[in-house]
Amino acid sequence: MSTYVNKVDRKGRVSVPATFRATLNDQSIVAFPSLEYDALEATGIDTMEAISAGLDEIEQPAEQQGFATLILARSQRLPFDPEGRIILPEKFAAHAHITETAAFVGLGSTFQIWEPDRFAAHETALLERSRRSGTRMPSLGSLASRRR
């Protein structure tokens with residue numbers, strides 16, 4: 001949960017928020033360029049393995065192969081250094097337009113890494129679209145009871 005903005009040093013290192021690191025079961029994250037946004041998708045290895053298994057269940061071979069290529073083949077494991085930082089590969093930073101700072105955006109079992117100004121614009125657009133369309137969020141109690 002939450003959104004944190006951290007500095008990226010000149011070597012491409014950025015601190016992963018402590019609350020994000022605490023929920024990961026190993027000493028790395030797995031990330032790949034988002035298919036939909038100028039951002040990075042990221043998660044722990046356990047969730048990535050579940051994503052891989054889900055891709056295996058897609059019944060159309062061409063679709064399965066396409067998603068596997070776009071997700072799994074472009075994924076990289078990014079280990080934490082002793083200070084809890086990862087190194088953003090140049091290709092990843094370029095895809096997400098990340099230079100000086102990175103926004104870590106919690107999405108439950110996954111998170112995204114954005115250039116902060118681009119994320120702010122994205123968040124504003126989502127809110128405006130939701131208000132225009134009259135989208136109503138289910139009650140928080142009903143959402144919580146779905147997981148039980």
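Let's start at Ser34, whose side chain makes a polar contact with the side chain of Glu41 at 3.0 Å. What you are looking at is a predicted model, so take that distance as one computed from the model. The side chain of Ser34 also reaches the backbone nitrogen of Glu36, this time at 3.1 Å. To find the spot, look in the loop between β3 (28-33) and β4 (40-43), where Ser34 sits. Is this serine buried or exposed? Its relative accessibility is 4%, and because buried means under 20%, Ser34 counts as buried. If you set aside its neighbours within four places in sequence, Ser34 is in contact with Ala39, Leu40, Glu41, Arg74 and His95. So Glu41 turns up both as a polar partner and, by the definition of contact as heavy atoms within 4.5 Å, in that list of contacts.

Now step back and take in the whole chain. Along the principal axes, the C-alpha atoms fill a box of roughly 45 × 35 × 30 Å. There are 148 residues, and 33% of them count as buried. Among contacts between residues at least 6 apart in sequence, 61% join residues at least 24 apart.

As for charge, you'll find 17 positive and 19 negative side chains, with the centres of the two sets lying 6 Å apart.

Next, the inside. The largest nonpolar core holds 21 residues, and those touching the most other members are Ile29, Ile86, Ile98, Phe104 and Ile113. Which elements give two or more residues to this core? They are β3, β4, α4 (90-96), β7 (101-106) and β8 (111-114). The largest share, three residues, comes from α4. Apart from this core lies another one, of five residues, with Ala103, Val105, Trp114 and Phe119 among them.

Not counting residues up to four places away in sequence, Ile98 touches Val8, Leu88, Ala93, Ile113, Trp114 and Glu115. One of these, Ile113, is also among the residues that touch the most other members of the largest core, while Trp114 belongs to the other core.

Have a look at His97 too, in the loop between α4 and β7. His97 has a positive phi of about 60°, although it is not a glycine. Why is that worth a glance? Most residues other than glycine have a negative phi. With a relative accessibility of 34%, His97 counts as partly exposed. Ser2 is another case, with a positive phi of about 85° and again no glycine. You'll find Ser2 in the segment before β1 (3-7), and at 42% relative accessibility this serine counts as partly exposed.

Last stop: Thr99, in the loop between α4 and β7. Thr99 has a relative accessibility of 60%, so it counts as exposed. How many residues lie between Thr99 and Glu49 in sequence terms, and how far apart are they in space? They are 50 residues apart along the sequence and 30 Å apart from C-alpha to C-alpha.

Definitions and conventions. Residues numbered from 1 in each chain as written. Predicted model: local features only at pLDDT ≥ 70, side-chain atom pairs only at ≥ 80, totals over all residues. Heavy atoms only, no water. Helix = DSSP H or I, 4+ residues; strand = E, 2+ residues; numbered from the N terminus. Buried < 20%, exposed > 50% of the residue type's maximum accessible area, 1.4 Å probe, protein only. Polar contact = N/O pair within 3.5 Å; in protein donor to acceptor, adjacent residues only side chain to side chain. Lys, Arg positive; Asp, Glu negative; His and termini not counted. Charge placed at Lys NZ, Arg CZ, Asp CG, Glu CD. Core = buried A, V, L, I, M, F, W, Y, C linked by side-chain atoms within 4.5 Å.
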